[in-house]
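The sequence and structure are shown first.

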Amino acid sequence: MASNNGHDAFIQSLESFTDQHRSRQWEGTFADYLEQIVQPKPTLATRNSHQYTWDMLRWMQANEESGEGKLKLFSRELYGIDPALQRIVDYFKAAAAGSEVGRRLLLLLGPPSGGKSSLVILMKRGMEEYSHTDDGALYGLKGSPLHENPLCLVPHTLRAEFRDTYGVDIQGELSPYAQSILEQEYEGDFMRYPVERIFLSESKRMGVGTYAPHDPTTADIADLIGSVDLAKVSEFGDEGDPRAWSWSGAVYSASRGLLEMIEILKVKREFLYLLLTLTQEKNVKVSRFPLIHVDETIIAHTNLAEFRKFLQEKENEALLDRMVIVQVPYTMNYREESKIYRKLIAQAPTFRNVHLDPHALRLAALFAVLSRLKPSEREDLDLSKKVRLYAGDDVEGFSRNELEKIRNEYPDEGLSGVSPRFVVNALSNAISRSEAESLTSMEVLVTLKDSIESDARMDAKQKREWVDFLVTARKDFYNHWVKEDVHKALFVSFQEESESLLEKYLDEVEAALDKREVKDPITNETRDPDERFLRAVEEKINVSDAGKQTFRQEVVRKAMVAYKNGEKFTLDSHARLKEAMEKYLFEERRDVLRLVSSISRPDDEAQEKIAAVEERLIKEYGYDKHSAREALNYVTTLLSQE
């Protein structure tokens, strides 16, 4: 149930949205338009589609309140593809500035379920939203199927004077339709031509369009550029009359805004040439009419299989040269990947009343990311370390500065592997079979294994590889996570114990580095630093004997920095040392854990301990009763194997 605070915040968001998007309808003659709209803000009146899209993106950024540095347009829907998003933003920035990229078709290339369609849909919704704001106000010739810029009415002989007067240039030509209306209904008096404010809307075919390919053998280019409307020919008496033409093509509906081309490489070649000419020259040619000026941004997307087929045909080189290609790979950060699953399952009624243990989605995401990785040429960098690096974790032996070099080993990394859709389908199957309305991490692994083995599209080799990734995710990640949860839940005094242990470690390390003795606080006797204790802690995170000096110096340096800044050095100040301390304490208490979690018929005291551990797992760590019991049993099994 939603909290009152959440409800109030959402009401405020709605009110703020209404205030920002309160649309002001406007209608008048072209003379009124020049006086009331153009004269105060001439630069807004002459924006082309790329400039308008760039302004929309900047407006979204200016209204971003999350402070995450990501566009609000994308931040709640797309995860882990920031480099691709940045390249798209850079494309519009350059196009809006008038560079040559604005004369290129933007092609998004990536694997299925990688976010290409979602990205374009968000762009379209952003355009619609922006057009309802004062900053995004757009005006068009009333009744024009191309909703064209009213300034196209200005004759070419007067455009130089317009530039001198307003400081901006007019781009574009009047459409045959508007020219016909101007002559037939207004006797060429363009000052009387009606102008109205337009609001971009895909559903109303106003500045936002989508084209999905048909069967190439039956696809008709009229779907893009229209055709003769025979019903209107009888009314106007001439097939060459622009008013007798059907202006219902996707190219016209997207005029002044954005056209999405789905699976563009599946269309006929003549379609491609038309679109690329439209992008480069901003006009289309149809029979019976001169060149028709159309200003719109085209974003196309396709999958890798179609793109590779396209590359094999030499005659396509000229077409490729007129495209800006942005790869949209799967995310390589398992934390971002798990957010995709959370978003998708939140939309599915199947998951509404199902509890997922705190690691279920992260574990599934780990498996997916492992399947997308390629083995590094470095012998000391296995896939598990690579996963951690890509997720932003510290990995011994690797600096953050090396990350870009590692990524550059395989530029196409992330373009294959497990798709989010595969994982979510598997989770849905698991939930439909479950009677407990609860899904544990181990149940997620089992259902993923079943999905792999029953998938008829995969050969035996790929199935073995993917099952091996499940094993890696469990052994190298989940085992650590679940042991840590149970350990912390079992020992209420963990925080106090760990802080006390940290102080002891710092005292011993400082003495070892200074080569001095340690004074026992109880007996006042002096002794050598406890090297055995230091190594017992450090070995928990695989600090080698050769690397211990460097590690210890780093810890002391961070402690000194905290001290100079007037801060307390805690375990949270050093992630790797914290991990070492937790593992050390865990090893020290493993016998107690075995006792609590393995008694088949516990007495009252043991039962009370078990219940307390389960309750803390539920209240503090995100488990429910079913998954807490499973976690305890699983950790017991792990301990029995060690």
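## The second largest cavity

In this predicted model, the second largest cavity has a volume of about 40 Å³. Its lining consists of T440, S441, M442, Y478, S627, E630, A631 and Y634. By residue class, the lining of this second largest cavity divides into four nonpolar, three polar and one charged.

Two helices, α21 (441–453) and α29 (625–641), each supply at least two residues of that lining. The most is given by α29, which contributes four residues to the lining of the second largest cavity.

## The largest cavity

The structure holds two cavities of 30 Å³ or more. The largest cavity has a volume of about 200 Å³. It is lined by 17 residues, of which N149, C152, Q171, H293 and D295 are the closest to its centre. The lining of the largest cavity is made up of four nonpolar, six polar and seven charged residues.

## A lysine in helix α18

Is K386 buried or exposed? K386 has a relative accessible area of 0% and is therefore buried, the limit for that class being under 20%. This lysine is placed in helix α18 (residues 383–390).

A polar atom of the K386 side chain lies 2.5 Å from the backbone oxygen of K374. When neighbours within four places in sequence are left aside, K386 is in contact with L373, K374, S376, L381, I406, Y410 and E413.

## Salt bridges

How many salt bridges does the count come to? The count comes to 43 salt bridges. One of them joins K343 and E77, with the closest N and O atoms 3.7 Å apart. This pair links distant parts of the chain, 266 residues apart: K343 belongs to helix α16 (residues 334–346), and E77 to the loop between α5 (72–75) and α6 (82–96). K343 counts as buried because its relative accessibility is 19%, and buried means under 20%. E77, at 33% relative accessibility, counts as partly exposed.

A further salt bridge brings together the side chains of R192 and D189, at 3.2 Å from N to O. R192 is partly exposed, with a relative accessible area of 40%. D189 is also partly exposed, at 29%.

The side chains of E614 and K625 meet in a salt bridge with an N to O distance of 3.6 Å. E614 is buried, with a relative accessible area of 8%, whereas K625 is exposed, with a relative accessible area of 59%.

Notes: Residues are numbered from 1 along each chain as its sequence is written. This is a predicted model: local features need pLDDT of at least 70, side-chain atom pairs count only at pLDDT 80 or more; totals for chains, interfaces and linings use all residues. Side-chain values use heavy atoms; hydrogens and water are left out. On a 1 Å grid over the protein atoms alone, a cavity is a set of points where a 1.4 Å probe fits but cannot get out, and a pocket is an open set with protein on both sides within 12 Å along at least five of seven lines; lining residues have an atom within 4 Å of a point. Grid points are joined across faces, edges and corners, and a volume is the space filled by probe spheres set on the points. Ala, Val, Leu, Ile, Met, Phe, Trp, Tyr, Cys and Pro count as nonpolar, Asp, Glu, Lys and Arg as charged, and the others, Gly among them, as polar. Buried means under 20% relative accessible area, exposed over 50%, partly exposed in between (1.4 Å probe, protein chains only). A polar contact is a pair of N or O atoms within 3.5 Å; within protein, one must be able to donate a hydrogen and the other to accept it, and residues adjacent in sequence count only if both atoms are side-chain atoms. Contact means heavy atoms within 4.5 Å. A salt bridge is a side-chain nitrogen of Lys or Arg within 4 Å of a carboxyl oxygen of Asp or Glu.
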